[in-house]
Amino acid sequence: MHYGGSMIDCDIAIVGAGLAGMRAAVAIAEKNSKVSVAIIAKTYPIRCHSVCAEGGSAAVLRKEDSFDLHAWDTVKGSDFLADQDAVEFFVRECPKEILRLENWGCPWSRNPDGTIAQRAFGGHSVNRTVFAADRTGFHEVHTLYERLLKYDNVEFFSEYFLTNLAIEDNRIQGLSAIELKTGNLVFFKAKAVILATGGAGRLYGFTTYSHQVTGDGMAIAYRCGVPLKDMEFMQFHPTGLVPSGILMTEACRGEGGYLRNKFGERFMQKYAPEKMELAPRDVVARAMWKEIIEGRAFEGEHGPYLALDLTHLGEEKIEQRLPMIREAAIKFLDIDPVEEPLPVKPVQHYTMGGIHTNMFTETPVKGLFAAGECACVSIHGANRLGSNSTVECLVFGRVAGEMALKYIENVKDVKINQEFLKEEEERIFDKIGKGNENPHTIKRELNETMDKHLWIFRNGDGLKEAIRKIEELKERYSQASIADDCRKFNVALLSTLEVGYMLDLAEVVAMGALLRTESRGAHYRLDYPERNDKQWLVHTLAYYTREGPRFEYLPVTITKWKPVERKY
Amino acid sequence: MKFVIRRFKDDKSFWQSFEVPVKKGMTLLDGLFYIRENIDPSLAFRASCRMGICGSCAVKVNGRPRLACEAQLSKFKKEIKIEPLDNFRVIRDLVTEFEGFFAKHKKVKPYLIANTDYENPIEQLQTPEELKKYYIFTLCIKCGSCLSVCPSSATLESSLGPAALVSAYRFNADSRDRGKEERLKIVSESFGVWRCHSAMECSEVCPKQIEPAKAIQLLRRETLR
C-alpha cells in the first residue's frame, strides 16, 4: 500500500533538537549560509530532554583551574575507561562554548563583579561548574533555539519521528520519519546526517528522564549496522525524588547540602571521607544503596529512602541557587526544602554508552555523525562527572556540525533507493502491530526487569535472568498491537515502535553487563567486585545480528594518566 | 476519579469518560498515561519532562489552563473535565497546533542582538542586579496557557499574544542587548502591545508566575519613550 510518503531535500539532516543537535545546526549556519539544514525531532525543540539538566556545565575559566586538572578529574571519574585524547580535546573546547552561549544571551548566574559564577560539583577538584540557577539545561536550550531563529538556512521539522536511516554502500543517503500531525511517512534526502537523539533512560522505570527518551536514534543506528559502545555503563544519580524520580540536582550538594540516613548520620563519611557528598555519582549512589540494603534508610509508603538535607542552607541561598528544586519539591511533594529534608534515593540518570564514534563524531558509516548523549566518544568512560554532559553536547555538537559541513563538500548527489521507500512503508504500516499484546505491558515488564537486575549492584544470575526475560519480551513484541486506525497523531503506533527500539537496546545493555566480569565505574558486579585492568581496560562494541548482538572489544586510548586506584 | 475528556478524531468531536484509580501523589498527567496504557492506547496528548519545565502538557482542566504534570489529583473532587487549550486549532484529542504560536515568538526577534565574535567569544560582564532586571521573563516555558485565555488573541489571529511579548521585553531589558529599537518597532504595530485588552488573564494562569501582563505594561512604557 502506498501512503503518499513525500520527499524532502536537504544538505544536512540533524535528528534531535536538544543541546547537541541545535549546537550542530548553529555551527553549520555560522560557517555557511547556503547549506540547507533540517532539524528533525520527535518534539518541539524546547520540549527536548536537555531542558531537564539542572546543575550546570563544567569549564576551566579561571587561573586557579587548569585543563590538565579538568581532564584528570574526568579521567579518574571515568574509572579510566575514557579515551584520554578525546578528554584532552574536550576540556580545551569547553570554555569557548560557555562564552558563546553567554554572547548569545544565556542568563548565566553571576558573581557580584559581573563575571560568570561557578559552583562545586561531584568529582571536580575546584569550583568549575557554570550554571544558570538550577535551570541550566533549560536556559541553554532556549538560548540555542532562539539563536537558531536568526538563520534562514535552518528549518525545523518538529514532531517528526525517525524510523530508519537510508544507507547505501556504507554511505548515508537520508532517512525516513513519520510526520505526527498527518501520520505520513516522509523521506529526507540528505548528504550528511547527524544523530543527536539523546540517551536511553526510559529503559528503566525509576528514572529522571523525560517520557520521550526511548533511545530511538541509538537503536536505529544499531539496526543499520553501526556498533553501540559501552552500553552496560548506566549512571545512577544519587538524588531522585521519591516516588516520581524527578531529579534533585547535584548542585544541592554542591551548594552544601547533606545526605543523611535514618539515624541522622552523614553516612558518606564511611565511603568517601575526603569528598563526602561530592564524591562522583557512582560512589555516592553505591553508598546510598548500601545504606538502604543494610537497613539504615527511612521507610516510607513508597519504600526506603534517604534524606537530602538543605535546611541549614537558609531560604535566601536556596531561593537564589536552587529555586526550581524548591518549586518542584513543594509542587510535587508538598515539602519545602527550606523547612524539611527531601526524600531521595538513587535513580537512573544517564547513558554513558552510545553510538560508537571517534573524537570527530564520525561513525563507521560515511556521512553519518553522532553527538551528545546518543553518542559514545568516549569522554565519560564508566562514570560521567556531573556537569560534563551538557557541555559535551555543546563541544561535540559543534564538531559534528563542522565535520558534516566538510564532508558534504565532496558529495555530489545522493539518491534514496526506491526499494528502501517501499520497504519502509510496508514495515511501518503493514507489518508492525498486527497482534494483540499491549506494548505498554511489555514496556512495564522491561522497566521492572531493568530496575531489578541492571541496577546499581549486579550479578551473573540476575543478568542471565534479565536476558531471558528480554528474549521473552521480544518474542511477545512480535505480536504487539496498534489499537488505533486513525493516522493523525497516532500515539499507539509511536509507543509500539519505541518499545521495539528499547528491547533491542536492553538486550545490548544486559549482555554487555554479563560479559564484563569486573566492576568499573557505574558497572558493579557483586560476583566480580574488583576492577580488572588486565582484561577489561577496553571498550565494549555491540554489533547487530539477527540472532542478537555480537561483541567486540576496543582498547582504551591512554595519553598521560596510567590507571591507578580510585579513592575519594 | 472520573476523567471526562473532550476528544477529537476524524473531524468528529465527542466527550468520553474514563475511570482512573488514584494513588497518593498522582498527577493529572499520570492519569492520562494510565488511560493510554490500560484503557485506550489512542488517547493523544503531549507530555515530556513531567516536571513543569518542558511546556508540553498544558490542557484545559475544569475550564482553566494547567500543566497536566503539575496538577495533583488529590486536589480535585470526583470528576475532572479535560479539554484542549482554547485559541489553538485541535489536531487530535488534546493535541493542538503550535506552529503559529512559535511563529509569533519568532516575530519579535527573541535573541540577543549584539556585536560578538563567533570564533573568539569574550566574556561580557553582567552584574546580578542587571540579571535580575530580566531574569523572571526568561522563565517562560512556551506552554501556551497565556495565549489560550487571551481575549485579544481570540479575536485577532495575528495578535502577538502574551508569550511573544514577554520574550520581546526579556531581551529589551538585557544589559547586553542592542536590539531594543528593532523590537519596539515590531511590538508597536497594531498586533502588538496596544492590542492587549489588559484583561490580565495571562498573569492569572501562567504556571511559572511570570506575569506576562506586567511585561506588556513595561513594553508599553518603553514604546512611549
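**Briefing on a predicted two-chain model**

Two bridges join strand E3(B) to strand E5 (residues 79-83) of chain B, and the two strands run antiparallel; here strands (E, at least two residues) and helices (H or I, at least four residues) are DSSP runs numbered from the N terminus, and two strands pair if DSSP finds at least two bridges between them. This is a predicted model, in which local features need pLDDT of at least 70 and side-chain atom pairs count only at pLDDT 80 or more, while totals for chains, interfaces and linings use all residues. Residues are numbered from 1 along each chain as its sequence is written, and chains are lettered from A and ligands numbered from 1 in the order in which they are written.

**Strands of chain B**

- E3(B) and E4(B) form a hairpin with two residues between them, and Asn62(B) in the turn has a positive phi of about 45°.

**Chain B as a whole**

- The secondary structure of chain B comes to nine helices and seven strands, and its C-alpha atoms fill a box of roughly 55 × 35 × 30 Å along the principal axes.
- Of the 225 residues of chain B, 47% count as buried, where buried stands for 20 or more other C-beta atoms within 10 Å of a residue's own, exposed for 12 or fewer, and partly exposed for values in between, with C-beta atoms placed from the backbone.
- Among contacts in chain B between residues at least 6 apart in sequence, 65% join residues at least 24 apart; a contact requires that the C-beta atoms of two residues, placed from the backbone, lie within 7 Å.
- Chain B is divided into domain 1 (2-96) and domain 2 (99-224), with bounds that come from an automatic or database domain assignment, and 28 Å separate the centres of these two domains, taken over C-alpha atoms.
- In chain B, 13 residues of domain 1 are in contact with 13 residues of domain 2, and E4(B) gives the most to the domain 1 side, with three residues.
- That side of domain 1 of chain B divides into seven nonpolar, three polar and three charged residues, counting Ala, Val, Leu, Ile, Met, Phe, Trp, Tyr, Cys and Pro as nonpolar, Asp, Glu, Lys and Arg as charged, and the others, Gly among them, as polar.

**Contact between the chains**

- The contact takes 45 residues from chain B and 44 residues from chain A.
- On the side of chain B that touches chain A, the elements that give two or more residues are helix H1 (28-38), strand E6 (90-92) and helix H3 (128-135) of chain B, and H3(B) gives the most, with three residues.
- The residues on this side of chain B divide into 21 nonpolar, 11 polar and 13 charged.

**Domains and sheet of chain A**

- Chain A is divided into domain 1 (6-233 + 352-417), domain 2 (237-346) and domain 3 (432-529).
- The centres of domain 1 and domain 2 of chain A, taken over C-alpha atoms, are separated by 29 Å, and the contact takes 21 residues from each of the two, domain 1 of chain A and domain 2 of chain A.
- The side of domain 1 of chain A that touches domain 2 of chain A has seven nonpolar, 10 polar and four charged residues.
- Three strands of chain A form an open antiparallel sheet in the order E3-E5-E4, and strand E3 (57-58) and strand E4 (118-119) of chain A stand at the edges, each with a single partner strand, so one side of each is left without a neighbour in the sheet.
- E4(A) pairs with strand E5 (residues 129-130) of chain A over two bridges, and Gln118(A) has Val130(A) as its bridge partner in E5(A).

**Core and helices of chain A**

- Of the 250 residues in the largest nonpolar core, Ile14(A), Ile194(A) and Ala371(A) touch the most other members; such a core is a set of buried Ala, Val, Leu, Ile, Met, Phe, Trp, Tyr and Cys residues joined through C-beta atoms within 7 Å.
- The largest share of this core, 17 residues, comes from helix H15 (residues 491-515) of chain A.
- Leaving aside neighbours within four places in sequence, the contacts of Ile194(A) include Ile12(A), Phe369(A) and Ala404(A).
- Of the 20 residues of H11(A), 16 are buried, so this helix is largely enclosed by the rest of the structure.
- Glu475(A) lies in helix H14 (residues 460-477) of chain A and is exposed, with 11 other C-beta atoms within 10 Å.
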